[in-house]
Amino acid sequence: MAILSGELQNQLESIRQEALAELSAASDLRALEEVRIHFLGRKGKIKDLLKSLGSLPPDERPLVGAQVNRLHDEVELELNNTRINLEEKALEARLAGEKIDISLPGRDADIGAFHPVSLIIDEIASLFLRMGYDVYDDREIETDYYNFEALNFPADHPARDMQDTFFLDGGLLLRSHTSNGQIHYMENHKPPLKVIVPGRVYRRDSDPTHLPMFHQVEGLVVGKGVSMANLKWTLETMMKALFGPDSTLRLRPSFFPFTEPSAEVDMWFDTGNGQGRWLEMGGAGLVHPNVLLACQIDPEEWSGFAFGMGVERLAMIRYRVPDIRMFYENDVRVLEQFRGARRYSAFS
Ligand code: DAH
């Protein structure tokens, strides 16, 4: 029976020691994998030994083979044990890092609030729905025809300069007022009709009292014998609903191409301590016959009134906001004050 040569014994033993030392030094799974490749991998030290068996005399091969296999199994077992330990440690470290300290004070979740402009549009829509009006959401990109021509602005008439329009490519423009909604609505509805059109409008001016984008709410009523008295009652009803029974409104003669007669609508803005000032809210008037004609409505049979109000102006009075720019500075300290404000459902 062949005896393992001393030299081979030493070689096996030193590989064993080396492997055990590297295993116990492996501090993480990555290092462990390197140890595995180093000893048990296809080109590892133990595989090399097995490959060298071929060069031994045939009678020594079984014994040496058995020894090498034992070494292989021993190292593999130790490797698996080390892996289990390292995995446990890694899990413990992860759990320790994820530990929840239930004594920590909670973090407030920020809850948004409706913007005052949305709030007041909802309130106005709710009011007019209850008076039997439609609420019509019209387009913001418009043609010259709907923004001007059908509203009786003659081509090249200086009245177009009243509204510094943003022009787009292809003959389009950003609507400079919600009055475009009058035309679209009358093209699609036969009188008698009542509608409001709230929405964004755009103008090329920006200074302390004007913004390049703001909101208007248009109103249009067409029926039999509709008069200035109906217009004034409607505006007063809206103002009293929004600002209380003591609110004051005044109409001043004015000019708009699409109304005749036309009026400017002012509201009293009470700044406190008996002080206040008139704020211009928008325009109004009786629908010009040419506007009705543009929509195939016979002005001999039908008449109507229209108005267009600045929504930010209404919101300034409603919420006592002194500066129109505050609506768009996105200062959370301002917006937060509207968190508790009532939101009117348009259908309540
Ligand atoms: N469209 C006008 C503007 O933006 C406001 C306006 C005035 C609307 C009179 C109307 C109206 O419906 O009758 O300046």
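Trainee: Is Gln296 buried or exposed?
Mentor: In this predicted model, Gln296 is exposed, because its relative accessible area is 72%, and a residue counts as exposed when that value is over 50%.

Trainee: Where is Gln296 found, and what about its phi?
Mentor: Gln296 is found in the loop between α9 (289-294) and β9, and Gln296 has a positive phi of about 60° although it is not a glycine. Most residues other than glycine have a negative phi.

Trainee: Where is Asn152, and what is its phi?
Mentor: Asn152, which is not a glycine, has a positive phi of about 75°, and its place is in the loop between α6 (144-147) and β3.

Trainee: On to β3, then: is Leu172 buried, partly exposed or exposed?
Mentor: Leu172, which lies in strand β3 (residues 172-174), is partly exposed, with a relative accessible area of 31%. Together with Ile141 and Leu168, Leu172 forms a nonpolar patch on the surface, and the accessible area of these residues together is about 220 Å².

Trainee: New topic: which residues lie nearest the centre of the largest pocket?
Mentor: Those are Arg203, Phe214, Gln216, Glu280 and Gly282, from a lining of 34 residues, and about 700 Å³ of space lies in this largest pocket.

Trainee: Which element gives the most to that lining?
Mentor: Strand β8 does, with six residues, while the elements that each supply at least two residues include β5 (213-223), β7 (259-272) and α10 (311-319).

Trainee: And Pro261, where is that, and what kind of peptide bond joins Glu260 and Pro261?
Mentor: Pro261 has its place in strand β7, and the peptide bond that joins Glu260 and Pro261 is cis, with omega about -5°.

Definitions and conventions. Residues numbered from 1 in each chain as written. Predicted model: local features only at pLDDT ≥ 70, side-chain atom pairs only at ≥ 80, totals over all residues. Heavy atoms only, no water. Patch = residues over 30% accessible without salt bridge, like charges linked within 9 Å, V, L, I, M, F, W, Y side chains within 5 Å. Areas by Shrake-Rupley, 256 points an atom, 1.4 Å probe, with all protein chains shown as cover. Salt bridge = Lys/Arg side-chain N within 4 Å of Asp/Glu carboxyl O. Helix = DSSP H or I, 4+ residues; strand = E, 2+ residues; numbered from the N terminus. Buried < 20%, exposed > 50% of the residue type's maximum accessible area, 1.4 Å probe, protein only. 1 Å grid on protein atoms, 1.4 Å probe; cavity = no way out; pocket = protein on both sides within 12 Å on 5 of 7 lines; lining within 4 Å. Points joined across faces, edges and corners; volume = space filled by probe spheres on them.
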